[in-house]
Amino acid sequence: MVASSSSHESGVHGSAIDASHGLETEEEAFHPWALHMDPSGTSFNGRQRNRLFVACEEGGFSDLSVLLGSDSPLDGRSLVAADFDGDGDPDLFCHNLQAERHQLWRNDLGSQSRAVTIHLRATQGHPEAIGATVVLEGPAGPVAQVIARGSGFASSGSPNLIFGLGSKTSAEVKVLWPGAATWSSQGIVKAGGAYLIVQGESSPRVVEVEAGQLSDPWPRGLRLPIGAKVPPIVLENAVGEARNLALGVAVDLHFWSSACSPCVRGLAAMDPDARARLQLVCVDPGLRRSEAVRLLDEWGIAGEALFAPFSPELREGSLGALMDVGSLPVPSTVHIDASGILQGVERALE
Amino acid sequence: MLYQGVNRPGWWLAIVILAACAEENSFEHQSGPLAEPSGARQGSVSGIPGGEQAPLNIEEPTSVIRGPYTAEALAGEVGDLLTEFADRLQVRDIEGLEQHLTPDFLGHALGRMASGKEQTLPLGALRRELQAVQGPGLDCQAWLADLSALVSNWNQVTQAELHVLEAEFERGNPSPYGVVTFRVQLAGITLGGKQEALARRVRGAFLRKEGAWALDRALLEAGFDLERTGPGFVDVTNSTAVNQRGPAFGQPGNDSEGWNGAAVADVDGDGRLDVFLPNAMRGYLYLNQVDGTFREAAQECGLLGTGGGTGLVFADFDADGDQDLVMGGIGWSNAGESGGNPLRAFENNGEGHFIEVTKQAGLGANMPALGLVAADFNGDGFLDLFVAGYGRMEAMRNDNWIQATNGAPDRLLLGQEGFVFRDGTRQAGLHDRDWTASALAADLDQDGDMDLLTLNHFGVNRFWRNKGSGRFERDEQGLGGSQARLTFGGTLGDFDRDGRLDLYLAGASSGTGRRMFAALESTGEVDLSRSLRGLAQGNHLLRGTLSGFEVMPDAAGAGAAGWAWGTVAADFDLDGRLDLACVNGFVTGELPADT
């Protein structure tokens, strides 16, 4: 930690980045809440999974975090929901504490046709109608939402509001405009539409939205998109000796685990010629490798058994540019062509 | 003695209160068998046919360690063991688990799926309860084989977590024996794409073996399974190019807990929503492109060196049709009674390029702003700013844990014509010294002006009623006696569908805290215990009424969210009911230990 004496100067002005900012003496370089924990070692209420509580028909919420895909264990701070791709449903963007700072989740629940997006424009007071409460007569009762600038934790979310209509095709909208003590009826909106509601007008204006879709995710576990050049890959044998993957020839890397029944069943049942065309890479930890070697012998697979390095350091140095082995589903087959381009990933489906 | 400690601020107490607690307990807030205290303490087993054999038994410690600090330290040791156990399960290192069991281990099978009562949950999810059946235990190899059968059926273990819920230890130095109730959560994806998850509550006996704890008995007390097939949320961070990395936690530029804010607006006027994420080293402005990706453009747009990065808002402060930016920076390393950095203001030129106008806007004064809320509080047509004043913890820690009075002052900055502010705090009557982390604004009493909720650390939250023209009065009953005392964020939304805004609060949760404060109650400190538990109780849901908010029991099922920071209400499945998302976690280190 570099020592400098800038810790007691007043706020940093201007747009230049002060490279010494934050590099005070070692004692002062950490906020007191962090001072008493090892910043690179011990956790403090760490590894917690983001939550998604889904409202139930009968009232209350159900914690479905573990089933819906947004339950990252990173240390989240701010969180906003907004329709980033214009498809009508709210996506999620989070700012984390870790080096992997930013995370965006596309909402694929697939019910966009049930959405109504509401933009407001006030004609009295500030035009953005910040603080207005909007009520839509939804299928399960009237739902109120507020146009907020500053909400959650250190967050400022979507400037427009999204309502779900469920099975209803249209609904009435009411607005409590900033400065008004009575509700204004603003007319009817239809499912699947986006509307601008102007204070004083009796019917909503239709807004044309350029609908798109946030780009499809890279295959799960991979750190490169299809079509990217794959860096040199280093694997290891059963006793941990490095083995460089040959370059310049097309290869199908088949990642498997002896602890994964579908992997073992699939490989055992595979046509031997087809199996021979795969370069098998076992992802098992050291204690299990003898079992993997035994299975390979049983299947009559000649040649040295290859493994993904197990320690995080080795993984980063060898396969890390291509994939996060820990989050790669197995079995997976990764196709790399003769010029080293990632051509695709195949997952066996039962 | 603890009472004195509560009034004598010191980091040691914070550590005690907040320590060792990844074991926040989602079961406590749910209905069903896991919510009940372990009434059937012995031999309530599932999945194993009842027979003539004696049920599995666990001996209670004969002389229990009473000191909460010692007991928690031991619970922490077992917690670390459970974390290591979970890490091995995550990579299906079943053989590696054997070292954490005693040679004489006996336990009920955890991995076989439940076959009891079924309940349909939203989004086509299914929940199945475990049937409780008496039965003997499996030995080490059979028990591990059962776990192995579960995880080997998945093409990926997506979650493996084991957390301490309750712990008692036999006296001794070192303690030789402990009875620890813990929660097991495992999740994975089958080859067919079905998401499966199971939760189990296990009462375990732990022995200290050659200096390390090992599991000797595992009694299954309760549990349920969840499953669902179908798409949910998809992480598109990489494919949409919002994957720029910052320094790791603890490195220069990322050395506070990272008050990492985020704000959404269409900054370049192309009709698509962009995101700005400030940070100490540099800001990130992700401009939403037509092709479904984002382009990082902080430098070309003038938002690279914003520094800071606590609360921030985009709004059209000068009413010229584009989105300007004001952001806070808590600046905890600055001197002065309240310290902090000035807010910084950036004017949009209409095309998404920002010019700093902090001084012209009259925002030169230092203030340790954590939350920032824009609204027209005095009804003059110009946007004002409410600045949630936190404090400078390194110079002056909170003077009390349950109702601190030395936080930095909040500010109400009144907007004038043309993106200029003047301080109107005093006239507004917003004069408290709470450690305010966040704030929310809405016309909660529907009388034509914007009311305020301030969400605080080390004290209760506040309802400030706007009495007209931006003069505020604190409504002491307005939050229904809510005992939340360590709130990080909150969101307003109508969760009971009565046309009125309700309030969801995201706050600290700590299994350690709850256990210790409950122990305090048994010493007769009932009121203090109740107040202290407000520091560790998790999230809260308050129902809005015309006269104020009412506390909903168990947050209507949305209470357990870990150590929660940001939260947002939205109807994610568009069924006409608002859902809740919440992010959490204080600091995750590289070691399995959680202090």
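Strand E24(B) is joined by seven bridges to strand E25 of chain B (residues 451-457), the two running antiparallel; strands here are DSSP runs of E of at least two residues, and helices runs of H or I of at least four, numbered from the N terminus, while two strands pair if DSSP finds at least two bridges between them. The model is a predicted one, in which local features need pLDDT of at least 70 and side-chain atom pairs count only at pLDDT 80 or more, whereas totals for chains, interfaces and linings use all residues. Residues are numbered from 1 along each chain as its sequence is written, and chains are lettered from A and ligands numbered from 1 in the order in which they are written.

Within this pair of strands, Ser438(B) lies opposite Leu455(B) of E25(B). Both strands belong to an open, antiparallel sheet of four, ordered E24-E25-E26-E27 in chain B, whose edges are formed by strand E24 (435-442) and strand E27 (472-474), each pairing on one side only.

Chain B as a whole contains eight helices and 33 strands, and 59% of its 595 residues are buried, that is, have 20 or more other C-beta atoms, placed from the backbone, within 10 Å of their own.

Terms used
A residue is buried if 20 or more other C-beta atoms lie within 10 Å of its own, exposed if 12 or fewer, and partly exposed in between; C-beta atoms are placed from the backbone.
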